Each structure stands twice: as C-alpha cells, then as structure tokens.
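Have a look at the model first, then read on.

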Amino acid sequence: MKGNVIVGQSGGPTAAINSSLAGVYRTAKDRGAKKVYGMLHGIQGLLKEKYIDLSDHIKTELDAELLKRTPAAFLGSCRYKLPAIHEDKEIYEKIFAILDKLEIEAFIYIGGNDSMDTIKKLSDYAIITGHPTRFIGCPKTIDNDLALTDHTPGFGSAAKYIGTSMKEIIRDSFCLEYSKGLVSIVEVMGRNAGWLTGASALAAGEDCEGPDMIYLPELAFDIEDFGNRVKALLEKKPSVVIAVSEGIRTAEGKYVCELGNSVDFVDAFGHKQLSGTASYLASYIAGEIGCKTRAIELSTLQRSASHCSSRVDILEAYQVGGAAVKAADEGDSGKMVVLQRLSDDPYQCGTEVKDVHKIANDEKLVPREWVNEDGTYVTSEFISYVRPLIQGDVSPVMVDGIPRHLYTPRELSER
Ligand code: F6P
C-alpha cells in the first residue's frame, strides 16, 4: 500500500467489533500503509474532522491483544444516514476533501446493514467522480441479519452469552420452593431478526432442558395463544422460562413493546427503539394468570459481555478486518467482506467479497423451516448452524479481579 487507511465503526457495538479494528490495523501496517487513521464516531465524526492516528493508541502487541478483548466501539460509533448523492453533493465533496487531505487509499467501515449504506453511497460517488479511494465494508452486528454472509462477527459472542445466561436463569428459577408458579420472560435483542433469540436454545443439553418456549419476530405473535400456552405449562411445571425477541409483532404488525409504555425514540434509519416487550408480557401474564412473573431484559449486557466471548467469533472478526484491507489493497471497492462456511464438522470458514449494493439496508431473517410448526421453538438445524460459532473462549486479561480493556481515546469524550 502506498497511501493511508482510515477505519470507522458504526451502528450497535458488539464484543468483537474491536477485534476487527485490530485486524484492519495490523494488516494495513503489514501491507505498508504509512498511517492508519480511526474516525471518531464513524462518518459523523469524520465530517467534523475528528479522527486519531491509531499508532498513538496501539503501541504494543499487548495493546492489540487488549483491543481484541475490549467491548463496545473503541473509536466510538454513530447511526448516521448519508443523504442520497443527488440530495446533497456538498456533503460528499466535504468528505472527499478530507480523504484527499489525509491521502486515504482505503476507507474501511465496520458495521451492519445501515453502515453498508454508507459504503454503497461513498463508493458510488467515487465511481461518478473518478476518485481513486477504495471503500470496503467489514461486517459486524449481533443481529446476524446481513445478507450474503453465512453469519456476522459479533453474533457468535452474543449468542454464547445468551445461551449461557439463559441456562443460569433456568437454574435459578427451578431451585426455589417459594418461586413455584414463577414465569420468567427473557427479552433478547436482534430487531426484526430472531437469530439471537433462537440462540437461547443453546442452553439445552444433558444438564438443562432449555427454555420452555422461544418467540422469534419472523412470525406473528398471538398474545392470547401465548397466555394459554403459559397456563398449560404451569399446570405441568413449577416454573416457566420463555425467550422473546424485542421485535415480536402482532398479526396487525404492531410491536408488542408498543402495546405497553414503550419508548418513542426513532433513529436516523427510521428504526424504533425496541424495549419493554418482556415487561409488557410479564404484566399481561400476572394479570391473566395471577402468578409471580419476572421480566429480564438482557439489553446492553448481551453485546458487551466480552468476558464471555466466543474464540471463533473474535478470531473471525480479526480475520474479516484483515480481509477488508487486503480487498482494498487489491483494487476492490463497493464490496463487503463475507464469511463463507466451508464445513460444520470440523468447522471451517473462509472470506470472500460481495457487492455491497446487494447487502445494504437488507435484512436476512431466520428461515421459516428453522422454526417449529407452532412457532414456539427453533429446530435442530438452527442449533447446528449456531453451535460452531460459539466455540472456544478468549480469556480476559484480569487486573485486580476485573477484566482490563484498552483505554478509550481521550479525544472521544471531547465534544
Ligand atoms: O442492531 C444492533 C442492535 O443491538 C439491535 O439488536 C438493537 O435493537 C439495537 O441495536 C439497539 O440499538 P441502540 O443501542 O442504538 O438503542
């Protein structure tokens, strides 16, 4: 590489997104990039010329190892939608002037389907204007809803945390004599895709029967039927544990969380903040059945639990970061790195690049045949798909009994 590289992080953080950042940095340096810049808060920060030189922060091999084990977006994230090129040419001129000033050869954006919209628009603009900078997307999302890739970095670690926590919740709810009749409803992220919620089935094994029911957002949710099923389960068992996706909707298309006191926040991409599904359903069950209930929102914990991350996930996240730089260095632009599963047993996976126009703004959902007939559990095919992705551990570097992280750049907190 003759020029410089700039990398940004965008969208919801994960436990593996910083491993991709470490992979971008290492590969860019190995391929001769003079400088590797990090945008602060993604494209939104770049527009305000906020960036750092990553060499000032990743100084040793230990720093790189800590970065791989640091949850959340080290560079800060954003949910910023670039206007269409014909709507605001000035914003593109501004971005490209900054890229010229920094002599950027490769622009790497680590993110999900909304972030790939940014790669798509910037690479289109570069083609229209004949600009030489190359734009590559590096996949990341706990939701696992990106098209054309077998799975997304970040998903495996979140799935491992969800399977583990679900098992711990089931243990807890079954041990208490005074908790007879307890219904625990566990709310899982994932927006309109049920990959993460389905991962709660990983709790099941020789020593745990797993959740009693799992509700994914891909199928319409019938609240009355749900109440009847819970009642029937309570007649047979002392306590019941159910996983529900934050994005389940009624047949009329209304999010269940909107039936209660939901939050009205909508982001730049028009996504509503989904939260409150478990608490609404717990109140409903308490009212209908008169039993004790507990609403458990895994919320931020499921995407920031780097102490429980999957080794496969952290390694693949690093690998896709490196593959993104390689693709740009070899002349690709307007592409996203995808993971291609070669075999399940032994698990083997490689990388390729695919046209980002076929990925941006799309949502890959759980196929209907991977959910049982009555829509209350995932099938064994679903579990076989997820299980290889949660294998292995990455030990945190413990200092005084608490995991050590790579310290956030000071510039990130300057407004
Ligand atoms: O897209 C990733 C994700 O974690 C979703 O699962 C969730 O709905 C959303 O982000 C939450 O986003 P935020 O933290 O911006 O509210």
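## A helix crossing and its neighbours

Helix α4 (residues 89-101) and helix α5 (residues 113-129) pack at an angle of about 85°, and their axes, lines fitted to C-alpha atoms over the stretch in contact, lie 11 Å apart. The two are therefore roughly perpendicular (65 to 115 degrees). Tyr 92, Glu 93, Ile 95 and Phe 96 of α4 meet Lys 121, Leu 122, Tyr 125 and Ala 126 of α5, where contact means heavy atoms within 4.5 Å. Of these residues, six are nonpolar, none polar and two charged.

This is a predicted model: local features need pLDDT of at least 70, side-chain atom pairs count only at pLDDT 80 or more, and totals for chains, interfaces and linings use all residues. Residues are numbered from 1 along each chain as its sequence is written, and side-chain values use heavy atoms, with hydrogens and water left out.

Now to α5 itself. Its 17 residues reach 25 Å from first C-alpha to last, close to the 24 Å expected at 1.5 Å a residue. The buried residues pack against α2 (42-46), α4, β4 (104-111), β5 (134-139) and β10 (335-344). Just after α5, Gly 130 takes a positive phi of about 70°.

Strand β4 is largely enclosed too, because eight of its eight residues are buried. Its pairings (at least two DSSP bridges) are as follows.

| Pair | Sense | Bridges |
|---|---|---|
| β1 (residues 4-9) and β4 | parallel | six bridges |
| β4 and β5 | parallel | six bridges |

Val 5 stands opposite Ala 106 in β4, and Ile 110 stands opposite Cys 138 in β5.

How values were computed
Axes are lines fitted to C-alpha atoms, for helices over the stretch in contact, and angles run from 0 to 180 degrees between N-to-C directions. Helices (H or I, at least four residues) and strands (E, at least two) are DSSP runs, numbered from the N terminus. Angles under 35 degrees count as roughly parallel, over 145 as roughly antiparallel, 65 to 115 as roughly perpendicular and the rest as oblique. Ala, Val, Leu, Ile, Met, Phe, Trp, Tyr, Cys and Pro count as nonpolar, Asp, Glu, Lys and Arg as charged, and the others, Gly among them, as polar. The expected span of a helix is 1.5 Å times one less than its number of residues. Buried means under 20% relative accessible area, exposed over 50%, partly exposed in between (1.4 Å probe, protein chains only).
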